[in-house]
Amino acid sequence: MFYREAGDFKTSYVADGQTFPIRFDRMRYYAVLVAAFGVIPFFINDYWANAILLPFLIYAIATIGLNILVGYCGQVSLGTGGFMAVGAYGCYKLMTTFPEVSMIVHVLLSGGITAAVCVVFGLPSLRIKGFYLAVATLAAQFFLVWLFNRVPWFYNNSASGQISAPEREVFGIVITGPNASAWATYLFCLIFLTFCALVARNLTRGSVGRSWMAIRDMDIAAEIIGVNPMKAKMTAFAVSGFFIGVSGALFFSVYLGAVEVGEAFGIQKSFLVLFMVIIGGLGSIFGSFAGAAFLVLLPVVLKVLGVDVLGWPTDIVVHFQLVIVGALIVFFLIVEPHGLAQMWRVTKEKLRLWPFPH
Amino acid sequence: MIRNLMSAALAVTLVSGPAAADLVFPDLSYRTGPYAAGGVPFSDGYNDYFTLVNERDGGIGGVKAQVIECETGYNTEKGVECYEATKDKGALIYQPLSTGITYQLIPKVTADGIPLHTMGYGRTSAANGKVFSHVFNYPANYWNGASGVINHLLEENGGDLSGKKISLVYHNSSYGKEPIRTLEELSEKHGFELKLLPVDHPGQEQKSQWLQIRRDRPDVVVMWGWGVMNQVAIQEAANIRFPMENFIGVWWSGAEHDVIAAGAKANGYKAVTFHNVGDDFPVFDDMQKYVVDAGLAAGAGDNVGKVLYNRGLYAAMLAVEAAKTAQEMHGVAEISPAMMRDGMEALVIDEAKMTGLGMPNFGPTFNVSCENHGGLGLVGVTQWDAENQTWSLISDFQETDGDVINALITEDSTAFATENNIAQRCE
């Protein structure tokens with residue numbers, strides 16, 4: 001009944017090659033876009049923006065970035081936290097050095113800086129694979145955090161080593177700082193997320209994405225059929241770095257407003273984003289959204305349920321939260337190793353046949 | 001079934017939601033994570049004092065105080081979530097007990113008009129009320145602490161520290177970096193040699209730092225630690241047989257759980273403080289009667305009288321006194337956050353007031369003004385007695401080096417004001 005292809009005829013190559021070839025799916029996608037851009041901004045308040053939607057949007061960008069590297073190109077990375085820190089500190093330096101430039105430019109430039117850094121740390125991937133590459137990127141994580149802690153130039157010599165986002169605007173609307181309104185910060189991040197998701201989706205459908213996937217599936221075979229491994233791996237690191245840098249810049253400037261590198265961009269951040277990728281589904285853009293939503297929303301839902309509804313002590317709820325999130329991760333990995341995206345795919349298949357499964 | 005559950009949930013939400021008439025004091029606590037050892041007693045003390053005021057006095061000026069606890073785990077992202085979740089419930093004052101969360105909340109509370117009290121932590125230059133309208137850090141800040149340590153050493157060494165070697169073991173975060181500027185200034189002024197030894201979060205690994213101390217043989221080690229880092233540092237100091245009386249911590253490195261693990265070897269370890277220690281105060285009799293015996297104590301109820309419990313109690317007492325001041329100033333019992341801020345700015349803590357509260361000499365006397373949000377910055381010194389398992393105040397609250405500190409505060413806060421286009425107040 002749903003997701004029916006019957007009667008949905010394509011008359012051109014463009015129509016045949018579109019992202020959502022099934023009509024129902026396409027309508028759902030437009031409905032989500034309309035709701036996200038046209039409805040939510042009118043109802044959003046500070047709590048929804050700062051506690052739920054901004055972290056979701058920003059983590060989704062980071063997850064898409066890491067998914068390109070890990071899920072599409074098969075290069076394991078544990079340096080996400082460090083690369084997000086590059087985006088954040090790049091954005092801070094740009095914001096304070098060129099205060100009159102629009103935030104959009106700053107965020108894009110910080111993404112570019114991170115892409116460059118990411119490529120440098122991706123060079124070892126030409127020689128090493130798998131666990132060894134994970135260790136090499138882990139070194140990037142520790143080195144970058146150490147660097148931003150050690151060199152005062154990065155935090156403009158402030159006494160505490162904290163970086164704080166000053167107030168900056170886009171087209172006269174305040175985006176960063178305490179006076180930014182919830183809808184403005186939300187829309188700003190949403191635009192970046194939509195842009196990143198569209199770019200990622202189309203890259204992965206094209207020749208670049210196919211070369212990534214060829215490298216992921218079997219690098220020697222890919223090389224034999226003419227995929228240049230250096231080009232494929234370096235583009236994957238660059239694109240992934242760009243997205244992660246954008247998310248780091250937004251994380252610092254729009255969401256938190258003040259960060260400290262060790263606390264905000266430590267190794268736990270790398271693991272968190274990697275978990276989002278794995279739970280969401282390797283090699284799936286939708287999975288990146290699902291994974292980010294799962295790990296951002298679940299703690300908040302459990303907290304609201306435990307503390308506000310049931311009235312339990314806060315520490316007990318946090319301990320339960322750890323147990324439940326951990327158990328759910330194990331559960332998902334056993335029941336559906338390909339993540340939430342695969343569950344979504346299976347559901348869609350079922351829905352296509354429903355109510356006549358045979 | 002689902003409808004039943006939902007209506008039950010709704011009913012519970014309605015019951016547990018704050019009644020409009022309460023004075024709301026959010027408690028951004030951390031009872032989990034690597035810093036829980038310090039977060040639990042502080043939060044217990046903070047909660048218990050409000051319970052005591054409700055039970056014994058019937059609230060503040062006749063209005064009940066309500067504490068909304070929210071777990072941050074010392075994590076800035078959760079801190080933001082807690083702030084956003086509680087600010088619309090009529091929150092009068094925030095005390096996040098974390099320097100990282102403080103840095104995030106400073107611009108937010110200023111925009112939202114809610115006062116922030118960071119007692120002995122946070123951004124030191126917030127003591128300048130001309131720039132920071134909604135942030136308070138009385139009675140003492142990090143730089144008072146650093147200067148208090150040096151003053152104590154001066155006293156011990158007959159006023160001369162020239163040529164001495166002092167090492168600072170610090171938590172490599174915004175919190176641990178705060179005293180460095182002041183100590184550098186003081187090292188120039190008094191001619192001692194300062195060596196910096198950062199310890200990364202959470203601080204379990206300190207072998208290399210203490211190896212270096214063993215090699216350098218500094219005369220004094222100063223510590224700016226928190227959480228598990230304190231225990232490990234004191235144990236390491238004991239292992240290399242560093243003389244404990246030459247090892248002195250800031251107030252966040254001077255609680256029972258920091259020293260007990262090292263046993264008898266920790267005897268003589270010192271820490272600066274801005275409030276008194278122990279439970280030998282009349283207020284604790286009331287606490288026993290109205291809170292502990294009535295089964296209303298927060299948490300497990302086993303922290304009463306501990307150093308950090310007293311600090312939480314002291315923080316709550318200052319909040320309650322500020323609320324009372326605000327009620328008097330504005331003539332209303334149900335004050336707003338803006339009124340609370342006025343009350344904090346007009347707060348006077350003198351000996352008579354503290355005695356009246358059953359807390360004689362519990363903290364230094366001070367008064368807050370529009371220009372000075374940091375109080376007088378008087379700092380005392382406590383020492384650990386491992387045999388009796390008690391901390392005791394060995395030096396009363398004394399003045400710190402105002403010349404050095406005030407110049408630094410003006411410099412740092414002016415830089416903040418220019419960076420953020422803040423016009424100076426109190427003209």
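Colleague: Take strand S9 of chain B, residues 270-273. Are its faces covered, or are they open? Which residue stands opposite B:Ala271, and what is the bridge partner of B:Val272 in S12(B)?

Modeller: Keep in mind that this is a predicted model. Start with the faces. In a regular strand, side chains alternate between the two faces of the sheet. Strand S9 of chain B has B:Lys270 and B:Val272 on one side. B:Ala271 and B:Thr273 are on the other. All four are buried, so both faces are covered, with a residue counting as buried when 20 or more other C-beta atoms lie within 10 Å of its own.

Now the neighbours. Strand S8 of chain B, residues 247-249, runs parallel to S9(B). Two bridges join this pair. Here B:Gly249 stands opposite B:Ala271. Strand S12 of chain B, residues 379-385, is antiparallel to S9(B). Four bridges link S9(B) and S12(B). In S12(B), B:Val381 is the bridge partner of B:Val272.

Chain A holds 15 helices and four strands. Its radius of gyration is 21 Å, close to the 21 Å that the globule rule gives for 358 residues, so chain A is as compact as a globular protein of that length. The C-alpha trace of chain A spans about 70 × 55 × 45 Å along its principal axes. Of the 358 residues in chain A, 47% count as buried. Among chain A contacts between residues at least 6 apart in sequence, 76% join residues at least 24 apart.

Methods
Residues numbered from 1 in each chain as written. Chains lettered and ligands numbered in written order. Predicted model: local features only at pLDDT ≥ 70, side-chain atom pairs only at ≥ 80, totals over all residues. Buried ≥ 20, exposed ≤ 12 C-beta atoms within 10 Å, placed from the backbone. Pairing = 2+ DSSP bridges. Rg over C-alpha atoms; globule rule 2.2 N^0.38 Å. Contact = placed C-beta atoms within 7 Å.
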